[in-house]
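Let's walk through this model together, one question at a time. Have the sequence and the coordinates at hand.

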Amino acid sequence: MLKDNEKIIFEFTPIYTKGVYILLAIFLIIMVYLFITLGALGGIVFSLVPLALFISYRLVANPYQPLMLMFVASYFIMGVTRYVAIPSIGLIADALLIYTFISLIIYSIGNKVCWKNGRNEFMLASLIWLIYCTLELFNPHASVSAWTTYIRFMAMYALFISFLVPIIFNKYKDLEKVIFLWSIFSILAFLKAMYQKNVGFDSGEMRWLYVEGKASTHILSSGIRYFSFFTDAANFGSGMGMSMVAFTIIGIHSKKWKWKIYYITVGLATGYGMMLSGTRSAMIIPFMGFIFYIIFSRNVKVIIAGTVMVAIAFIFFNFTTIGQGNSQIRRMRSAFNSEHDNSYTLRKDNQAKLGAYLVNKPFGVGIGLAGGKAAKSAPGEYSTTIASDSWAVVLWVETGVVGLGLYFLIFIYLQMRGAYIVFFKIKDEQLKYILGGLLAGIFGIMVSSTSNEVIAQFPNGIIIFFAQAFIFMGPKFDKEIAEQKCIATTQA
């Protein structure tokens, strides 16, 4: 086995060079033949075969790459569907995760893999939840096709990511790289929303709005709800809210001024992006996220400054009319007076209907049978005729009060355990606040799940799972940083 600082060197001998020329000549002859017999399309497709083989080799040779590709693809894949017809988005994510797992097995044949990293509290909690969801197949109302389709975000992705991320992204620099990539993606999402606001919607977005009927929820008398390249404005607003919390905290505590300015700028931009979405339920994300962080930070300056800022923001939206002429501010302010809101009243009516239907169904009606998404799988199921509107309602309908209780017990455990690890165990200040920002962002968006369904969508769900995995990797990162400091001190 090669050492880390050794590289394989190919010697281009005359025999090797001659073989390459022969293969190249054969390839060109076949390509020309296909151009003549099958036309340009056949020749072009064949010409891409070497590239496809090279990419496949690179992905199999290093499990790091397909997992990173999955993270990147999850952020943009939904926007692509407005321009390219993709039969099943979930299958792409499934394929990349399975590819990563296969690649990891192949990689382990000749390389050392720390499999024990995959056995962590997040993975075990995800496994417990998956077992419960699998038992839902025995629910008399269950639909196998609906279960197969919607088990992904309900349980499967969390289990795969909680296992693979600690094994593959097991260095502190991996955490920094993912955080930076997420910040870049967040800025791109914000810029796309700004383009929609200042330039307008493109042809794919216009078709989505007016042909697919999304204008009724996005082009409102109170103002336009911008959605960037996300699935919709609610998903975009919630994602921006989570980014705002995480990057603002990371930026405030960054040691280098260039990163402090950069991440605070990202936090401010995504905060404005949240307002552009017009998603009122997203407002709870920064409020609850920052409050969670303030409580657990154990930093007097943070507690005082944070409390003052949250109080000012609350007073601004709840007790003043400043900026009421701005449609984004006006819509966000209405989140503090939901009793007189028609959509809020409709949600309460729907929940009352579902409550009456579920009174004798403590285990719900089965995975995938909440809202209209499973109307084809279970056309006679009453729950598919009523909008679910929120992730909490989806859990309640599909897994019952038992499943809903188990899910939130698991979440509370992971959040409190994560807070203990981050704020009481980790010694490195920089790492503490990076993970603290992730933890606060997760808490904010999970609390908002009582009002929206964005956790079960790309990219927010995937970001949450990656962040949760990194939080439980905190002690390992902390040890790595301490060792590097020790080495640096010794060499000095």
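Q: Is Asp389 buried, partly exposed or exposed?
A: This is a predicted model, where local features need pLDDT of at least 70, side-chain atom pairs count only at pLDDT 80 or more, and totals for chains, interfaces and linings use all residues. Residues are numbered from 1 along each chain as its sequence is written, and side-chain values use heavy atoms, with hydrogens and water left out. Buried means under 20% relative accessible area and exposed means over 50%, with partly exposed in between (1.4 Å probe, protein chains only). Asp389 has a relative accessible area of 26%, so the class is partly exposed.

Q: Where does Asp389 lie?
A: Asp389 is not a glycine, yet its phi is positive, at about 70°. Helices here are DSSP runs of H or I with at least four residues, strands are runs of E with at least two, and both are numbered from the N terminus. Asp389 lies in the loop between helix H16 (342–358) and helix H17 (391–425).

Q: Which loop holds Arg298?
A: Arg298 is a residue other than glycine with a positive phi, near 60°. Its place is the loop between helix H13 (284–297) and helix H14 (300–319).

Q: What is the omega of the cis peptide bond that joins Phe458 and Pro459?
A: Pro459 is in the loop between helix H18 (429–447) and helix H19 (460–472). The peptide bond from Phe458 to Pro459 is cis, with omega about -5°.

Q: Which helix gives the largest share of the nonpolar patch?
A: Patches take residues with over 30% relative accessible area and no salt bridge, joining nonpolar side chains (Val, Leu, Ile, Met, Phe, Trp, Tyr) within 5 Å and like charges within 9 Å. A salt bridge is a side-chain nitrogen of Lys or Arg within 4 Å of a carboxyl oxygen of Asp or Glu. Leu124, Leu127, Ile131, Leu135, Leu137, Phe138 and Val144 make the nonpolar patch, of about 690 Å² by the Shrake-Rupley method with a 1.4 Å probe. Four residues, the largest share, come from helix H6 (residues 121–135).

Q: Is Phe138 buried or exposed?
A: Phe138 is in the loop between H6 and helix H7 (144–168). Its relative accessibility is 72%, so Phe138 counts as exposed.

Q: How many helices and strands does the protein chain have?
A: The protein chain has 492 residues, of which 48% count as buried. Its secondary structure comes to 20 helices and two strands.
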